[in-house]
Amino acid sequence: MQIVAPAYVERLLIVGANGTGKSELSFELEAGGNYQRAIYIDHKGDCTPRPPFTLIKKPDERWGWRHRRIVYRPAHGSHWHSDAGFEGVLQRLFHQAVRAYDHKRQRSRDPFIVVIPEIMLFGPRSQKVIGEMASAGRKYELGLWIETQRPRRIPVVVRSEAWRIYAFPLGYEDDELEVIKYGKGRLSLDAFRQLEDSITKDDPHPFYEIIKRTQQGAQISIRRCASLELAA
């Protein structure tokens, strides 16, 4: 199954119950996108994209932040693992994107993507900054990919700004209904049931790709995709 890696300006929302394949999909897309920089903000502590990547535990590890692929994983119990700690790091990344933007040439000198493996783990202050990234960061070529098990409960701006939604089987009907809204009549609860019923050993992580918008404008499309496998 071929999926084109997103441009920096695109916002991704990847939804699905635990273990359905959300992280594997984001790893595959990021690895195939040849992005200048990719930064995973690892709240839970188990984010392991395809090597090589640089693991950073504190925001003052300045040399580490220069690497191309980064997993930021502050220690549990530390200030940097608090809502205020994540807020500070996310705000700094947003400001970096603003400073790197060349208004004359209308492009960034240092475009990058930020991947949030599970937005529901972050507190309200961090989520507010993520919302600002979603709504204002596109102009500065700050890419944003969000994963969640509960799309109904995440900030509205994150859902509304998503250009693409990748929907794996969900655990709650209200979350399925939330995703269905963006299909504009082309997706249904029956489609989610069919997705669950189609899971097999050869296709363990099926999902729907919902394209809400492209760089050419609004072009709604929905397709059922088979599992993607990470290369060895």
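The following legends describe close-up views of a predicted model.

**Figure 1. Aromatic pair between Phe27 and Tyr40.**
The structure holds eleven aromatic pairs. In the pair shown here, the rings of Phe27 and Tyr40 are arranged edge-to-face, with 5.8 Å from centre to centre and 65° between the planes. Phe27 belongs to helix α1 (residues 22-32) and Tyr40 to strand β2 (residues 38-41), so that the pair, 13 residues apart, is classed as a link between distant parts of the chain. Phe27 and Tyr40 are both buried.

**Figure 2. Aromatic pair between Phe94 and Tyr140.**
The ring centres of Phe94 and Tyr140 lie 6.4 Å apart and the ring planes meet at 85°; the pair is therefore edge-to-face, given that planes over 60 degrees apart count as such. Phe94 is found in helix α2 (residues 83-100), whereas Tyr140 is in the loop between α3 (124-136) and β8 (142-148).

**Figure 3. A ring cluster and two charges over rings.**
Trp65, Tyr72, Phe86 and Phe122 are joined by ring pairs into a cluster. Over the ring of Trp65 sits the charged end of Arg92, at 5.0 Å from the ring centre. In another arrangement of this kind, Arg37 lies over the face of Phe112, 4.5 Å from the ring centre.

**Figure 4. Helix α1 and the residue Asn34.**
Among the residues of α1, Lys22, Leu25, Ser26, Phe27, Leu29 and Glu30 are buried. Just after this helix, Asn34 adopts a positive phi of about 50°.

**Figure 5. Packing of helices α5 and α6.**
Helix α5 (residues 173-181) packs with helix α6 (residues 189-197) at an angle of about 115°, and the two axes are 9 Å apart. The crossing is right-handed. From α5, Glu173, Glu176, Leu177, Val179 and Ile180 make the contact, and from α6, Leu189, Phe192, Arg193 and Glu196. Five nonpolar and four charged residues take part in the contact of α5 with α6, with no polar residues.

Phe168 is placed in the loop between β9 (164-167) and α5. The relative accessibility of Phe168 is 1%, and this residue therefore counts as buried, the cut-off being under 20%. Leaving aside residues up to four places away in sequence, Phe168 touches Ile14, Val15, Gly16, Thr20, Gly21, Lys22, Leu25, Phe192, Leu195, His205, Pro206 and Phe207. Between Phe168 and Lys57, 111 residues apart in sequence, the C-alpha to C-alpha distance is 31 Å.

**Figure 6. Surroundings of Ser227.**
Ser227 lies in the segment that follows β11 (221-225). Because its relative accessible area is 16%, Ser227 is buried. Apart from residues up to four places away in sequence, Ser227 touches Asp203, Pro204, His205 and Pro206; His205 and Pro206 are also touched by Phe168. Ser227 and Thr20 are 207 residues apart along the chain, and their C-alpha atoms are separated by 9.9 Å.

Key. Residues are numbered from 1 along each chain as its sequence is written. This is a predicted model: local features need pLDDT of at least 70, side-chain atom pairs count only at pLDDT 80 or more; totals for chains, interfaces and linings use all residues. Side-chain values use heavy atoms; hydrogens and water are left out. Rings of Phe, Tyr and Trp (its six-membered ring) pair if their centres lie within 6.5 Å; planes under 30 degrees apart count as stacked, over 60 as edge-to-face and the rest as tilted. Helices (H or I, at least four residues) and strands (E, at least two) are DSSP runs, numbered from the N terminus. Buried means under 20% relative accessible area, exposed over 50%, partly exposed in between (1.4 Å probe, protein chains only). A charge sits over a ring if NZ of Lys or CZ of Arg is within 6 Å of the ring centre and within 35 degrees of the ring normal. Axes are lines fitted to C-alpha atoms, for helices over the stretch in contact, and angles run from 0 to 180 degrees between N-to-C directions. A crossing is left-handed if the near helix is turned anticlockwise from the far one by less than a right angle, and right-handed if clockwise. Contact means heavy atoms within 4.5 Å. Ala, Val, Leu, Ile, Met, Phe, Trp, Tyr, Cys and Pro count as nonpolar, Asp, Glu, Lys and Arg as charged, and the others, Gly among them, as polar.
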